[in-house]
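Have a go at each task before reading its solution.

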Amino acid sequence: MSDDTPQLPDFIQRFLAIQPGGMSHAGTLMACMIGVLAACAWMLGGLSMMISAGIAVAMMLALTPMISPDILMKVLRASPLPAKDYLAIHEMNHLLSDRAGLDHRPNLFILPGKGVNAITTGTDDHTTIAISSDALHNLSPRQMRAILAHEVAHAWHGDTRILLITDVLYRATWTIALFGLAIFIFGDFNPPAWMIVVFGAVPTISFLLQRAVIRDREFAADHGASDLLNGPEDMIDALLHIDQINRTRLRIIPYRSTQPPSLLDTHPSITARIKALRALKPGTWQKFFENRKMPEQ
C-alpha cells in the first residue's frame, strides 16, 4: 500500500494531521483558526471589529443548532438497526458505551449503499451511529467491534461539538474575508496589495485548519478504540479489511487516485492510521471483553 501524502516537511504533516504526531492537538489547531479570524477582523476594523467578531461567533455557537440525527438519518435513507436481527452488535454497543462511560448508549442505524462506512452524529442522549450494510455483512465480529469502538470513541471525545465549533469558526472567517474584499473592491478604501492577498487567502487557510482538526479527531478515535478494545490489533485488522472491501466495491483503481488530496481529505490515509496505531505503547487498561461470550447474531 503506497502513501501519497504531499511532499511537505514532516513537522507540517504532523501538525496538519496528515501523518500521526503523537498526542491530539485539536486545541492548538482550533486556536490557530481563532487567530486567523482575529487577525482578519483586526485588519478590517481594529479592536472593535475583533470584539464584534468574537460576539458573533459566540452567538452563532449558542444559536446554531446541531443537525438533528433523525433528520440526517432520513436524508441518508438510513433505517434503525433491528435488535432482533443484530443482537450481537447491539450488545457490543452496550458494552463499549459502558466502557467509555457514556450516559446514554448511541442509537444504531443501517446506511444503504456500497462501501464500508460508519458515521456518528448528535450529542449526549441523541447520539446516533449509522453503519453501512456492507460493513454489517462483510466484516468479522472482531472487525465490526473495532469499527463500532471507533464510532463510540467519537461520542466519548465529544467530537461532534468540536466539529461544530470549527465549522462556525470557518464560516465566520469566510464571511469577514468576503466582506473585506467587497469593501476593497466596491468601496473608497484603497488597501495595499498584500492586504487583498491576505483576505483572499484566509478562508483557504481556515478551511485547511478545519480539515486538519477533523483528521486529528480520526487519529484520536482510533486511539480511543484501541483503549476500549485493550489494544490496536483489531482496529488495524479492520482498517486493512475495509480498505480491501472498498477497493472492490467502489471499483476505483487505483483506489486513492480519485480521493481528495491529503490536505483536503477528512480522513488520514489508511497507511498513516495504521502507523499511528502500531506506534501506541502497550496500555495499562483493564482487560475488556475477555472471557465474555458475545451473543450469536
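**Exercise 1.** Find which helix gives the largest share of the lining of the second largest pocket, then describe that pocket.

*Solution.* Keep in mind that this is a predicted model.
Step 1: helix 8 supplies the largest share of this lining, with seven residues.
Step 2: the pocket itself has a volume of about 340 Å³.
Step 3: 21 residues line the pocket, and those closest to its centre are G22, M23, S24, F219 and H223.
Step 4: helix 8 and helix 10 are the elements that give two or more residues to the lining.

**Exercise 2.** Work out how many helices and strands the protein chain has, and in what pattern they follow one another.

*Solution.* Step 1: count 10 helices and four strands.
Step 1: walk along the sequence to read α-α-α-β-α-β-β-β-α-α-α-α-α-α.
Step 2: turn to contacts between residues at least 6 apart in sequence; 74% of them join residues at least 24 apart.

**Exercise 3.** Locate the largest nonpolar core and say which residues have the most contacts inside it.

Step 1: the largest nonpolar core holds 34 residues, and I89, L136, L139, M144 and L148 have the most contacts inside it.
Step 2: among the elements supplying at least two residues each are helix 4 (87–100), helix 6 (141–157) and strand 2 (107–111).
Step 3: another core, of 26 residues, lies apart from it and includes V57, I162, I176 and L209.

Notes:
Residues numbered from 1 in each chain as written. Predicted model: local features only at pLDDT ≥ 70, side-chain atom pairs only at ≥ 80, totals over all residues. Heavy atoms only, no water. Core = buried A, V, L, I, M, F, W, Y, C linked by side-chain atoms within 4.5 Å. Buried < 20%, exposed > 50% of the residue type's maximum accessible area, 1.4 Å probe, protein only. Contact = heavy atoms within 4.5 Å. 1 Å grid on protein atoms, 1.4 Å probe; cavity = no way out; pocket = protein on both sides within 12 Å on 5 of 7 lines; lining within 4 Å. Points joined across faces, edges and corners; volume = space filled by probe spheres on them.
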